[in-house]
Every structure is written in C-alpha cells, then in structure tokens.
Amino acid sequence: MDHSPPKDNAPRQSSARQGGPRQNMGISAYAWLKQDIICGIYQPGEKLLMSRLKERYALGISPLREALSQLVSEHLVVAISQRGYRVAPMSIEELDDIYDARAQLEAMLVQLSIERGDDTWEAEILAKAHTLAKVAEVHGPDEMLDVWDRRHQAFHSALVAGCGSRQLLMARESLFDQAARYRHLWLCQTVFSDRALAAKRQEHADLVDAILARDAKRAGDLTRDHIMTPVPIITDLMKARGLV
C-alpha cells in the first residue's frame with residue numbers, strides 16, 4: 001500500500017475499505033497527518049478536530065489517535081488534557097535551538113565518519129553527490145521539490161553513515177523530524193531559486209572535497225556552517241507569514 005500523504009483536501013479511502021491490516025491504517029494516518037503539519041495545512045497552535053481528521057483521511061478514531069500520539073512524541077503535536085490535540089507552536093527560539101543542535105551533531109557525525117569510514121563509504125558519498133547534482137534535469141516545480149529534497153537527504157545521510165553509531169544516527173533523525181516544519185519553509189524558498197541552489201551545490205562540493213581529503217576539522221566547520229545557513233532565511237519567512 002502507498003503510504004504517501006494526500007496532496008489535496010479530498011478524503012482518502014481507508015485501509016479497512018481496501019482490506020488492509022489495522023497496522024497499515026495507523027501508518028497511513030501518521031504519514032499523512034505528519035506531512036500535512038509539515039507543509040502547513042494545519043497551522044501552529046491550530047486545534048486538530050477529530051471530525052475534520054476523520055473526513056480528510058477517511059479513517060476511524062483509533063488509527064488517528066495512534067498517529068496523534070506518535071506525533072506528540074516527535075513534538076509536532078501537543079496533547080491538551082481533556083481537550084484533544086493542537087499543532088505544536090513554532091518560535092524563533094525553538095528554530096535556533098533545533099538548528100544549533102543539528103549543526104553540532106551533524107559536524108560530530110561527519111568527523112566520526114572520516115575517522116571510521118572506509119572506501120565503500122567514500123564511494124557512496126560520490127554516488128549520492130552525483131545523483132543530487134543531476135536534479136537540474138528534472139522538469140516541473142512539484143517534481144523538483146520532491147526529487148531534490150529526497151536526494152539532498154540521501155546525500156547528507158551518506159556523509160554521516162560511516163560513523164558506526166546507531167544511537168547517534170537515531171538522535172540525528174529525531175532532530176531532523178523536529179526541524180521538518182522549519183526546514184519546509186526554507187526548502188520551498190530554495191529549490192525554486194537558481195542562485196540559492198548554486199550556492200548549495202558549491203557548499204556540497206566543498207564538503208565532499210574536505211571529507212575525501214580526510215580533513216576532519218575543515219569538514220566539521222563546513223558542516224556546521226552548511227546546516228546553519230537556512231536559519232536567517234527561515235526567520236525572515238516566519239516573520240513575513242506571521243508565524244511568530
């Protein structure tokens with residue numbers, strides 16, 4: 001079953017109607033709802049009415065509650081005692097904290113990967129960098145956004161894959177989830193700007209050069225700067241859209 005989120009406001013046929021297992025219903029509700037929160041379908045602080053969720057996703061209360069509980073653990077939703085759920089608020093303070101934590105952890109993981117990574121790790125970095133560079137061949141804004149984001153994430157995951165620590169990679173994933181709403185604002189702004197994309201390509205090239213040279217200090221410094229670059233852009237976008 002395809003667990004990708006709905007792209008419009010039309011209700012979706014549930015797994016129960018398709019004969020799928022109950023577990024798949026929970027996964028679908030979680031994936032759809034998470035993506036809608038990240039994309040701003042539901043605004044920060046907005047109450048998530050169960051009646052609206054049931055209509056939008058064509059799912060029952062049980063899988064929706066499971067999805068909401070999981071999103072609470074990821075800090076994208078806030079549970080209100082006896083009053084349901086709301087989308088978690090956004091703030092400049094949280095933005096700065098999440099991105100600083102991401103930058104510090106990512107730099108450490110890159111340095112550990114340089115210390116521990118082998119030739120296979122290096123080869124995978126080059127492969128993912130090449131795939132990301134070819135996104136310019138994709139036509140159409142929606143496809144560009146989706147393809148570039150997936151390949152960009154894969155590239156950065158390859159950079160840190162040599163660290164050898166499952167626990168650190170799980171912490172990285174958690175921070176990425178917490179940054180998702182903020183990152184989406186930056187992503188929409190960046191992917192459709194030739195100038196911004198060119199700057200990112202250069203940053204990626206410099207980072208790959210430092211990693212392949214096994215220059216841990218330079219790679220760490222470049223990683224921190226690279227992760228923090230979107231923060232001023234996101235801050236301005238949040239202010240312009242009245243999110244703070």
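Select helix 5 (residues 92-116) together with helix 8 (residues 166-191), and you will see that helix 5 passes helix 8 in a left-handed crossing, a term used if the near helix is turned anticlockwise from the far one by less than a right angle. The two axes come within 10 Å and cross at roughly 145°, where axes are lines fitted to C-alpha atoms, for helices over the stretch in contact, and angles run from 0 to 180 degrees between N-to-C directions. Contact means heavy atoms within 4.5 Å, and among the residues that make it are Leu95, Ile98 and Leu105 of helix 5 and Leu168, Leu175 and Phe176 of helix 8. By class, this contact has 15 nonpolar, one polar and six charged residues, where Ala, Val, Leu, Ile, Met, Phe, Trp, Tyr, Cys and Pro count as nonpolar, Asp, Glu, Lys and Arg as charged, and the others, Gly among them, as polar.

Before going on, keep in mind that this is a predicted model, in which local features need pLDDT of at least 70 and side-chain atom pairs count only at pLDDT 80 or more, while totals for chains, interfaces and linings use all residues. Residues are numbered from 1 along each chain as its sequence is written, and side-chain values use heavy atoms, with hydrogens and water left out.

Next, select helix 11 (residues 230-240), whose buried residues are Pro230, Val231, Ile234, Thr235, Leu237 and Met238; buried means under 20% relative accessible area, exposed over 50%, and partly exposed in between, with a 1.4 Å probe and protein chains only. These residues lie on the same side of helix 11 because they cover an arc of only 165° around the axis, the arc being that of the directions from the helix axis to the C-beta atoms. Turn to the other side of helix 11, and you will find Asp236, Lys239 and Ala240 exposed. The cover over the buried residues includes helix 5, helix 8, helix 9 (194-212) and helix 10 (216-228).

Then move to Ile61, which has its place in helix 4 (residues 61-73) and counts as partly exposed at 38% relative accessibility. Leaving aside its neighbours within four places in sequence, Ile61 is in contact with Met50 and Lys54.

Finally, show the whole chain, which has 11 helices and two strands, these being DSSP runs numbered from the N terminus, with helices H or I of at least four residues and strands E of at least two. Buried residues make up 43% of the 244 residues in the chain.
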